[in-house]
Amino acid sequence: MGHREDLLAGAKRCLIEKGYARTTARDIVAASGANLASIGYHFGSKEALLNEALIQSNSEWGEALDQAMAAGVNIDGGAASLEHFEAVWTRIVELFATHRQMWAANFETFAQIQHVPEVRAVLASGLDEARLGMADTFLDRRPENDDVTVRAVGSFYQALLTGVMAQWLIDPENAPTGKDLAIAARTIVGGITTAALHR
């Protein structure tokens, strides 16, 4: 690897070990084996380097998430079944455990995202792709499911993903499992259906 790649690898390691705000240029240098001057030469600033490392880390997480969701495609009952829902969420929750530090760094940057427009733009684009991916995973594609419906369903699941992730960061011992989410979904849908029948 060249200095640029070494710096990115070191910055990713620092994001996981120290977080965005606590990482210094010297931390990245120590983790990468490069020198201080190379940060300015290749990226212009420590912040630009960390932003690029964060973008790459998000891309890698997205690929892992896509694989986890794709692994549940062949569950009996199809995309709209409760079995499929539970199987996919179980795989997603397992990813939280292996990527916990990276998501802690992500949540830390959310508070600063308004001041870093280039990262915000990249994350917003990734969020849009994530919504569509979530909709493809959990929604049977039928003619009546127009673009507005697909986007709404994807946004709902993306909100669930972010919320579950936050719970895993704050209290992993009591955070919901795939089974917990399936129980909740069954109960909520059952309650909505019962209420509709009694109108």
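Visitor: Which residues lie nearest the centre of the largest pocket?
Guide: N58, L123, G126, L127 and A130 lie nearest its centre, among 30 lining residues. On a 1 Å grid over the protein atoms alone, a pocket is an open set of points where a 1.4 Å probe fits, with protein on both sides within 12 Å along at least five of seven lines, and lining residues have an atom within 4 Å of a point. Please note that this is a predicted model, in which local features need pLDDT of at least 70 and side-chain atom pairs count only at pLDDT 80 or more, while totals for chains, interfaces and linings use all residues. Residues are numbered from 1 along each chain as its sequence is written, and side-chain values use heavy atoms, with hydrogens and water left out.

Visitor: What is its volume?
Guide: The largest pocket has a volume of about 780 Å³, taken as the space filled by probe spheres set on the grid points.

Visitor: Which helix gives the largest share of the lining?
Guide: Helix 7 does, with eleven residues. Helices here are DSSP runs of H or I with at least four residues, and strands are runs of E with at least two.

Visitor: And what classes of residue are in the lining?
Guide: There are 16 nonpolar, ten polar and four charged residues in it. Asp, Glu, Lys and Arg count as charged; Ala, Val, Leu, Ile, Met, Phe, Trp, Tyr, Cys and Pro as nonpolar; and the others as polar.

Visitor: Changing topic, how many helices and strands does the chain have?
Guide: The protein chain has nine helices and zero strands.

Visitor: How many residues are in the largest nonpolar core?
Guide: That core has 25 residues, and W89, I92, F96 and L161 have the most contacts inside it. A nonpolar core is a set of buried Ala, Val, Leu, Ile, Met, Phe, Trp, Tyr and Cys residues joined through side-chain atoms within 4.5 Å. Helix 5 gives the most to this core, with seven residues.

Visitor: What does I92 touch?
Guide: Not counting residues up to four places away in sequence, I92 touches L65, M69 and L161. Contact means heavy atoms within 4.5 Å.

Visitor: One more: is A34 buried or exposed?
Guide: A34 counts as buried because its relative accessible area is 10%; buried means under 20%, exposed over 50% and partly exposed in between, with a 1.4 Å probe and protein chains only. A34 is found in the loop between helix 2 (25-32) and helix 3 (36-43).

Visitor: What is A34 in contact with?
Guide: Leaving aside neighbours within four places in sequence, A34 is in contact with L7 and V29.
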